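Please examine the sequence and the three-dimensional structure shown here before reading the report.

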Amino acid sequence: MGLFILRADMRGRGLGRKFWRWRRDRLKARLDADATIGMDGVYEMTPFYERGGFVAAGRHLRMQGVTQGRADSDVVSDKERLIDDILAFDAGRFPAPRESFLRNWLDRPGLHVAGLYRGDKFVGYGVARPCRDGLKIAPLFATDVVTADRLDRKSTRLNSSHGYISYAV
(Lines give C-alpha, C1' and ligand atoms only; values in the text may rest on other atoms or scores of the structure.)
Protein backbone atom coordinates (compact mmCIF):
# COMPACT_ATOMS: atom_id res chain seq x y z
CA MET A 1 0.00 0.00 0.00
CA GLY A 2 2.98 2.30 0.16
CA LEU A 3 4.82 4.13 2.87
CA PHE A 4 3.49 7.13 4.69
CA ILE A 5 4.60 8.78 7.89
CA LEU A 6 2.86 11.69 9.56
CA ARG A 7 4.83 14.63 10.90
CA ALA A 8 5.25 14.39 14.66
CA ASP A 9 3.03 17.42 15.28
CA MET A 10 0.17 15.78 13.32
CA ARG A 11 0.17 12.48 15.23
CA GLY A 12 -2.34 11.42 17.88
CA ARG A 13 -5.33 12.95 16.11
CA GLY A 14 -6.53 9.88 14.20
CA LEU A 15 -5.41 11.33 10.85
CA GLY A 16 -3.05 8.44 10.08
CA ARG A 17 -5.78 5.88 10.81
CA LYS A 18 -8.28 7.72 8.57
CA PHE A 19 -5.76 8.07 5.74
CA TRP A 20 -4.65 4.42 6.05
CA ARG A 21 -8.27 3.18 5.87
CA TRP A 22 -9.06 5.48 2.95
CA ARG A 23 -6.03 4.13 1.01
CA ARG A 24 -6.95 0.52 1.87
CA ASP A 25 -10.57 0.98 0.79
CA ARG A 26 -9.61 2.79 -2.41
CA LEU A 27 -7.18 0.00 -3.30
CA LYS A 28 -9.73 -2.73 -2.52
CA ALA A 29 -12.30 -1.01 -4.76
CA ARG A 30 -9.90 -1.30 -7.71
CA LEU A 31 -9.16 -5.02 -7.22
CA ASP A 32 -11.03 -8.28 -7.73
CA ALA A 33 -12.82 -9.43 -4.56
CA ASP A 34 -10.35 -12.31 -4.04
CA ALA A 35 -7.19 -10.32 -4.80
CA THR A 36 -4.33 -10.26 -2.30
CA ILE A 37 -2.92 -7.01 -0.95
CA GLY A 38 0.59 -7.27 0.43
CA MET A 39 2.25 -4.79 2.68
CA ASP A 40 5.55 -4.38 4.49
CA GLY A 41 4.49 -2.93 7.79
CA VAL A 42 5.98 -1.94 11.09
CA TYR A 43 6.02 -4.95 13.42
CA GLU A 44 4.70 -2.98 16.39
CA MET A 45 1.70 -1.94 14.25
CA THR A 46 0.59 -5.56 13.58
CA PRO A 47 -2.56 -5.31 15.79
CA PHE A 48 -3.61 -2.18 13.87
CA TYR A 49 -3.14 -3.92 10.49
CA GLU A 50 -5.06 -6.96 11.77
CA ARG A 51 -8.00 -4.74 12.76
CA GLY A 52 -7.90 -3.50 9.15
CA GLY A 53 -8.35 -7.03 7.80
CA PHE A 54 -4.72 -8.04 7.22
CA VAL A 55 -3.12 -11.25 8.45
CA ALA A 56 0.60 -11.42 9.26
CA ALA A 57 2.36 -13.74 6.80
CA GLY A 58 5.82 -13.45 8.31
CA ARG A 59 8.29 -11.12 9.88
CA HIS A 60 11.63 -9.80 8.77
CA LEU A 61 14.38 -8.04 10.63
CA ARG A 62 16.44 -5.12 9.42
CA MET A 63 20.10 -5.32 10.30
CA GLN A 64 22.85 -2.82 9.66
CA GLY A 65 26.59 -2.76 10.01
CA VAL A 66 29.95 -2.28 8.38
CA THR A 67 31.25 -5.35 6.64
CA GLN A 68 34.21 -6.42 4.58
CA GLY A 69 33.46 -7.70 1.11
CA ARG A 70 35.86 -9.27 -1.31
CA ALA A 71 36.37 -9.34 -5.03
CA ASP A 72 35.04 -12.37 -6.88
CA SER A 73 35.94 -12.52 -10.56
CA ASP A 74 33.13 -15.02 -11.26
CA VAL A 75 30.41 -12.61 -10.14
CA VAL A 76 28.93 -10.73 -13.11
CA SER A 77 27.93 -7.08 -12.65
CA ASP A 78 26.76 -6.32 -16.21
CA LYS A 79 23.03 -5.66 -15.81
CA GLU A 80 22.38 -5.95 -19.55
CA ARG A 81 23.93 -9.43 -19.61
CA LEU A 82 22.06 -10.49 -16.47
CA ILE A 83 18.53 -9.12 -17.02
CA ASP A 84 16.95 -12.08 -18.87
CA ASP A 85 18.46 -14.59 -16.44
CA ILE A 86 17.38 -12.51 -13.43
CA LEU A 87 13.79 -12.35 -14.75
CA ALA A 88 13.65 -16.12 -15.36
CA PHE A 89 15.31 -16.97 -12.03
CA ASP A 90 13.07 -14.59 -10.08
CA ALA A 91 9.91 -15.94 -11.74
CA GLY A 92 10.68 -19.39 -10.34
CA ARG A 93 11.03 -18.06 -6.81
CA PHE A 94 8.35 -15.41 -6.48
CA PRO A 95 4.63 -16.24 -6.21
CA ALA A 96 3.39 -13.59 -8.66
CA PRO A 97 4.55 -12.20 -12.01
CA ARG A 98 6.68 -9.11 -11.54
CA GLU A 99 8.71 -8.60 -14.70
CA SER A 100 7.70 -4.96 -15.17
CA PHE A 101 8.40 -4.24 -11.49
CA LEU A 102 11.86 -5.85 -11.71
CA ARG A 103 12.78 -4.07 -14.94
CA ASN A 104 11.86 -0.76 -13.31
CA TRP A 105 13.59 -1.69 -10.02
CA LEU A 106 16.83 -2.69 -11.75
CA ASP A 107 16.87 0.56 -13.73
CA ARG A 108 17.12 2.81 -10.67
CA PRO A 109 20.08 5.21 -10.44
CA GLY A 110 23.03 4.07 -8.36
CA LEU A 111 21.86 0.44 -8.22
CA HIS A 112 24.46 -2.34 -8.20
CA VAL A 113 23.48 -5.75 -9.55
CA ALA A 114 25.48 -8.95 -9.14
CA GLY A 115 24.74 -12.34 -10.69
CA LEU A 116 26.48 -15.69 -10.57
CA TYR A 117 26.62 -18.61 -12.97
CA ARG A 118 27.74 -22.16 -12.32
CA GLY A 119 28.82 -23.24 -15.77
CA ASP A 120 25.95 -22.11 -18.01
CA LYS A 121 23.38 -22.25 -15.20
CA PHE A 122 22.31 -19.01 -13.50
CA VAL A 123 22.37 -19.66 -9.74
CA GLY A 124 21.57 -16.34 -8.11
CA TYR A 125 21.51 -12.57 -8.02
CA GLY A 126 21.69 -9.73 -5.54
CA VAL A 127 20.92 -6.03 -5.64
CA ALA A 128 22.56 -3.27 -3.60
CA ARG A 129 20.84 0.11 -3.70
CA PRO A 130 21.80 3.44 -2.19
CA CYS A 131 19.85 4.57 0.83
CA ARG A 132 20.12 7.46 3.28
CA ASP A 133 23.26 5.98 4.85
CA GLY A 134 25.12 3.35 2.86
CA LEU A 135 23.52 0.57 0.83
CA LYS A 136 20.60 -1.81 1.27
CA ILE A 137 20.95 -5.36 0.03
CA ALA A 138 17.65 -6.69 -1.29
CA PRO A 139 16.71 -8.82 -2.96
CA LEU A 140 19.31 -11.54 -2.80
CA PHE A 141 18.15 -14.89 -4.24
CA ALA A 142 20.41 -17.90 -4.64
CA THR A 143 20.15 -21.65 -5.11
CA ASP A 144 22.34 -22.35 -2.08
CA VAL A 145 24.12 -20.74 0.85
CA VAL A 146 27.57 -20.69 -0.79
CA THR A 147 26.21 -18.78 -3.79
CA ALA A 148 24.34 -16.37 -1.51
CA ASP A 149 27.55 -15.75 0.45
CA ARG A 150 29.54 -15.04 -2.71
CA LEU A 151 26.92 -12.60 -3.96
CA ASP A 152 26.71 -10.97 -0.54
CA ARG A 153 30.47 -10.53 -0.31
CA LYS A 154 30.56 -8.97 -3.79
CA SER A 155 27.70 -6.62 -2.87
CA THR A 156 29.25 -5.65 0.45
CA ARG A 157 32.58 -4.93 -1.22
CA LEU A 158 30.86 -1.72 -2.32
CA ASN A 159 30.67 -0.83 1.37
CA SER A 160 34.03 0.91 1.38
CA SER A 161 32.66 3.82 -0.62
CA HIS A 162 29.09 3.84 0.69
CA GLY A 163 29.22 3.43 4.48
CA TYR A 164 26.77 1.03 6.11
CA ILE A 165 25.18 -2.06 4.60
CA SER A 166 21.57 -2.80 5.61
CA TYR A 167 19.73 -6.08 5.22
CA ALA A 168 16.05 -7.00 5.42
CA VAL A 169 15.88 -10.66 6.42
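The report below describes a helix, the nonpolar cores and the salt bridges.

## Basis of the report

The model is predicted: local features need pLDDT of at least 70, side-chain atom pairs count only at pLDDT 80 or more, and totals for chains, interfaces and linings use all residues. Residues are numbered from 1 along each chain as its sequence is written, and side-chain values use heavy atoms, with hydrogens and water left out.

Helices (H or I, at least four residues) and strands (E, at least two) are DSSP runs, numbered from the N terminus. A residue is called buried when its relative accessible area is under 20%, exposed when it is over 50%, and partly exposed in between (1.4 Å probe, protein chains only).

## Helix α1

Helix α1 comprises 16 residues, 15–30. From its first C-alpha to its last it reaches 23 Å, close to the expected 22 Å; the expected span is 1.5 Å times one less than the number of residues.

The buried residues of α1 are G16, W20, R23, R24 and L27. They fall within an arc of 100° when seen down the helix axis, so they line one face of α1. This arc is that of the directions from the helix axis to the C-beta atoms. K18 and A29, on the other side of α1, are exposed. The buried residues of α1 pack against α2 (46–51), where contact means heavy atoms within 4.5 Å.

## Nonpolar cores

In soluble globular proteins, nonpolar side chains tend to be buried together. A nonpolar core is here a set of buried Ala, Val, Leu, Ile, Met, Phe, Trp, Tyr and Cys residues joined through side-chain atoms within 4.5 Å. The largest core has 15 residues, and those touching the most other members are L82, I86, L106, V113, F122, Y125 and V127. At least two residues of this core come from each of α3, α4, β2 and β3 (121–130), and α3 supplies the largest share, 5 residues.

A second, separate core has 6 residues, including L27, F48, Y49 and F54. V127, named above in the largest core, touches W105, L106, L111, H112, K136, I137, A138 and P139, not counting residues up to four places away in sequence.

A salt bridge is a side-chain nitrogen of Lys or Arg within 4 Å of a carboxyl oxygen of Asp or Glu. By this rule, the model holds 8 salt bridges. One of them joins the side chains of D72 and R150, at 2.7 Å from N to O. D72 lies in the loop between β1 (62–65) and α3 (79–91), and R150 in helix α5 (residues 145–156), so the pair ties together parts that are 78 residues apart in sequence. D72 is buried, at 14% relative accessibility, whereas R150 is partly exposed, at 24%. A network of salt bridges links D72, D74 and R150.

D107 and K79 form another salt bridge, with their closest N and O atoms 3.8 Å apart. Because D107 lies in the loop between α4 (99–105) and β2 (112–118) and K79 in helix α3, this pair ties together parts that are 28 residues apart in sequence. D107 is exposed, with a relative accessibility of 58%, while K79 is partly exposed, at 26%.

E99 is partly exposed, with a relative accessible area of 45%, and R103 is partly exposed, with 39%.
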